[in-house]
Amino acid sequence: MDSAKTTQFDLTRLIRENVRNMTPYSSARDEYVSDGSEKVFLDANENPFGDGINRYPDPQQRTLKTELSKLKGVNQDQILLGNGSDEVLDLFFRAFCEPGRDNVITVPPTYGMYSVLASLNNVENRKVLLQRDFTLDLNGIFNVVDENTRMIFLCSPNNPTGNSIPEEQVESLLNRFTGLVILDEAYIDFSGQASWIKDLDRYPNLAVTQTFSKAFGMAGIRLGSCYASREVIAVLNKIKPPYNVNELTQRTALERLKDLERVNEEVEVLRSEREELAGALSALNFVERVYPSDANFILAVVDDANRRYRELLEKGFIVRNRSGQPLCKNSLRFTVGTQEENRRLIAALNDLK
Ligand SMILES: *Cc1c(COP(=O)(O)O)cnc(C)c1O
């Protein structure tokens, strides 16, 4: 029965009419793709005096996608890259939501950008709180889905709670929901769970986003990625700014992809430091609860979050006070730092009364 429902997914119906009808911008580098041989490029009004960045970057980031496609086990036409995953998420709104008519579902407490992007695009955001154990309220979600619900945003592992969404809940959404399920895996490399990328062939309504900002240690270069069906990626490609990933970013990311050992080592350190930090936090008398985390941060409930935030700040530690979020009363979010930083943090915490 579930698979019968999935067949109701109709991508064409979800695409905004203006997007379906528009002609995309065609750049010089779209119209003539360099084959690598020596040519004289006089087609893009660039400055010919070269220092390596005088030329426009590849609008399709082909070299980078070749590497990512090997790493992730998908075809290149199933990858979209953006100026951070924030740009990728915005493209989803612009491609699939008619402002003033369509709606999306988010499941707070979660990443704040989904809600900001919904407001920016004048798209109603139907919020369905997570349950007290931070899993999905599936009944609540299906109660608010209507014929104008275009997308559901899930974050797994979730920011700021740190938990992964149970596989069977994600599956159940993918099977029953006929819009797009956008699964934000910004923290997937820190979790013990496999990425949903491997399931893209089974679910035409699934799109997975990832980022170079966390495990890859490259928040400064602004590079986010999306993995989905060829058809979904084609729609996003049609509307993306032509040169949205700059040359320096493409080069720097390629270098990092050649040094995955470093990424893996750092992830291992951070995972082990995370457990250290969780243990130390649990031992403090003003910490009431430490949630388990699949990410590179820990959410903890303290006696008085405003007070503890202020005290830590006075000692030179900036953490994130998430108390304003639903289900996060008196909660502080601690990003896992280097071993040295964590030691100093724990010492500072132990000094608090
Ligand atoms: C940090 C984070 C991102 C990363 O966004 P970028 O624009 O790629 O830096 C995406 N989603 C979540 C949930 C995050 O916490």
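The model is predicted, with local features requiring pLDDT of at least 70 and side-chain atom pairs counting only at pLDDT 80 or more, while totals for chains, interfaces and linings use all residues. Residues are numbered from 1 along each chain as its sequence is written, and side-chain values use heavy atoms, with hydrogens and water left out.

The chain is assigned domain 1 (12-258) and domain 2 (261-351), with bounds that come from an automatic or database domain assignment. Taken over C-alpha atoms, the centres of domain 1 and domain 2 are 29 Å apart. To the contact between them, domain 1 contributes 23 residues and domain 2 contributes 21 residues; contact here means heavy atoms within 4.5 Å.

The size of an interface is often given as the accessible area lost when the parts come together. Between domain 1 and domain 2, the buried area is about 1800 Å², and carbon and sulfur atoms give 64% of this. Buried area is the accessible area (1.4 Å probe) that two parts lose on being put together, summed over both. Within the area that domain 1 buries against domain 2, Phe134, Pro160 and Phe190 supply 35%, more than any other three residues. The side of domain 1 that touches domain 2 has 11 nonpolar, 10 polar and two charged residues. In this scheme Ala, Val, Leu, Ile, Met, Phe, Trp, Tyr, Cys and Pro count as nonpolar, Asp, Glu, Lys and Arg as charged, and the others, Gly among them, as polar.

Side chains of opposite charge can pair when their charged atoms come close. A salt bridge is a side-chain nitrogen of Lys or Arg within 4 Å of a carboxyl oxygen of Asp or Glu. By this rule the count comes to 22 salt bridges, yet zero are counted between domain 1 and domain 2.

Three of these pairs can be followed in the structure. Asp35 and Lys39 meet through their side chains at 3.6 Å, N to O. Asp35 is exposed, at 54% relative accessibility, whereas Lys39 is partly exposed, at 40%. For these words, buried means under 20% relative accessible area, exposed over 50%, and partly exposed in between (1.4 Å probe, protein chains only). In helix α13 (residues 305-314), Arg307 and Glu311 lie four residues apart, about one turn of the helix; the closest N and O atoms of their salt bridge are 2.9 Å apart. Helices (H or I, at least four residues) and strands (E, at least two) are DSSP runs, numbered from the N terminus. Arg307 is partly exposed, at 30%, but Glu311 is buried, at 17%. The salt bridge of Glu171 and Arg202 has a distance of 3.5 Å, N to O. This pair links distant parts of the chain, with Glu171 in helix α9 and Arg202 in the loop between β5 (180-184) and β6 (206-211).

Finally, two loop residues deserve a look. Ile165 sits in the loop between β4 (149-155) and α9 (167-176). Ile165 counts as buried because its relative accessibility is 3%. Among the residues Ile165 touches, leaving aside those up to four places away in sequence, are Leu136, Leu154 and Val170. Asn54 belongs to the loop between α4 (28-31) and α5 (62-72), and Asn54 is also buried, at 18%.
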